[in-house]
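Please look at the sequence and the model first.

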Amino acid sequence: MSEVAIGGSCAPEFAAVRDEFERNFAERGELGASLCLWHEGRKVVDLWGGHISAEGGEWQEETLLVVFSCTKAASALCLHLLVAEGKIDPDAPLSAVWPELRAGQMGGTLRMLLDHSLGLPAVRDPLPQDAMLRPELMEARLSLEEPWWEPGTRQGYHALTFGFLAGGLVRRLTGESLGSFFARRIAGPLGFEFYIGLPEALEPRLAPIEAHRGSRSDPETAFLRAAKTPGTATHAFVFNSGDWVSRRVNSREGHAAEIGAAGGVSNARGLAGMFEALTEGGHLIGLSREQISAFATTTAASHRDEVLQVPTRFGAGFMQGMDNRAPARGGEGLIIGPRAFGHIGMGGSLGFSDPEAGLSFGYAMNRQGPGLFLNERGQALVDATYRALGYRSSAAGFWQR
């Protein structure tokens, strides 16, 4: 089907998943990618293929890349571990831990941060171009920022601020940076590769990100209209976030920075490994089954996210299933099981856990696709996975038995 060399392994019952992985290269413009699935404690798919860049270079088994907002799931796990250890109350004002945080003084809580209802999706006053590389600067600016809405009353995606708020809490509670804490307490003990702040020795293994470029013929979405409107949270997020996305995402300084909302470096194996720890029989990280079960509970949902301008559903640091495939709802979503939880990364990367299905899933690629959520390449892999498990697509927009 595809002339691209595919490496790795695939259990026979998941052959259709491999077919879709190959079809992504042959028909959907994939450049380089990896895919990993665990089912009921067994690694059933571990594939990689394609090229490091448009200039060539074969994708290797150990190739790493930036997985963008999949990083939010890693940062959320750090916070949940601190909740489990009694170091922070998820429903107490954040000012108890971070006294100068204006949103905390107004009653904002950790739970509101985790489900994007805290009210700090962007900073109004101009930021320097290197702002995303300077966590302490971002913490200081967010401390003084007046929330865009009363905390807890609306929902708006904290696309980049989420990580600096999480990192500020981790640092105040532990004395460690977010990346150091995650490596020491989660990724290291569990043995999967996921870095929030990449060690320099691993730099040669990275595949650069190829950004998606829209065309003038693309329809104008509600998100783009809001981005063009000064005074909106969307405009502030798009035009006042420095130049990490536009200039530094493929640089050494960009990889070294601890950008806890979007700068994590991993691959499909790392993403699936992180979520495998949360499935029944997985290696826990100090969290109770009750805590993990609650990750599948939607705590904030909106018909119009204040930043993304489309319907969204979030739990405690994780995306829930969202059927936004109708053009009026944005054109794409995340069609997974009704009790599944995970996170999409900008351009199409994805990691999630479906405890009811005994499934953990990781997909990462270097050529970004269009849209705000999961584009055709990733959704085709998810769909094939659920079909292989005997699930069917429901009218409610979920995969169910």
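## Packing of two helices

H2 and H7 are roughly perpendicular to each other (a class that covers angles of 65 to 115 degrees). Helix H2 (residues 71-84) packs against helix H7 (residues 178-190) at an angle of about 70°, and their axes lie 10 Å apart.

From H2, Ala 74, Ser 75, Leu 77, Cys 78, Leu 81 and Leu 82 meet Leu 178, Phe 181, Phe 182, Arg 185 and Ile 186 of H7; contact means heavy atoms within 4.5 Å. The contact of H2 with H7 comprises 9 nonpolar, 1 polar and 1 charged residues.

## Basis of the model

The model is predicted: local features need pLDDT of at least 70 and side-chain atom pairs pLDDT 80 or more, while totals for chains, interfaces and linings use all residues. Residues are numbered from 1 along each chain as its sequence is written, and side-chain values use heavy atoms, leaving out hydrogens and water.

## A buried glutamine

Gln 379 lies in helix H14 (residues 376-388). Gln 379 has a relative accessible area of 11% and is therefore buried (under 20% with a 1.4 Å probe, protein chains only). Leaving aside residues up to four places away in sequence, Gln 379 touches Gly 333, Leu 334, Ile 335, Leu 374 and Trp 399.

Conventions
Axes fitted to C-alpha atoms, helices over the stretch in contact; angles between N-to-C directions. Helix = DSSP H or I, 4+ residues; strand = E, 2+ residues; numbered from the N terminus. Parallel < 35°, antiparallel > 145°, perpendicular 65-115°, else oblique. Nonpolar A, V, L, I, M, F, W, Y, C, P; charged D, E, K, R; others polar. Buried < 20%, exposed > 50% of the residue type's maximum accessible area, 1.4 Å probe, protein only.
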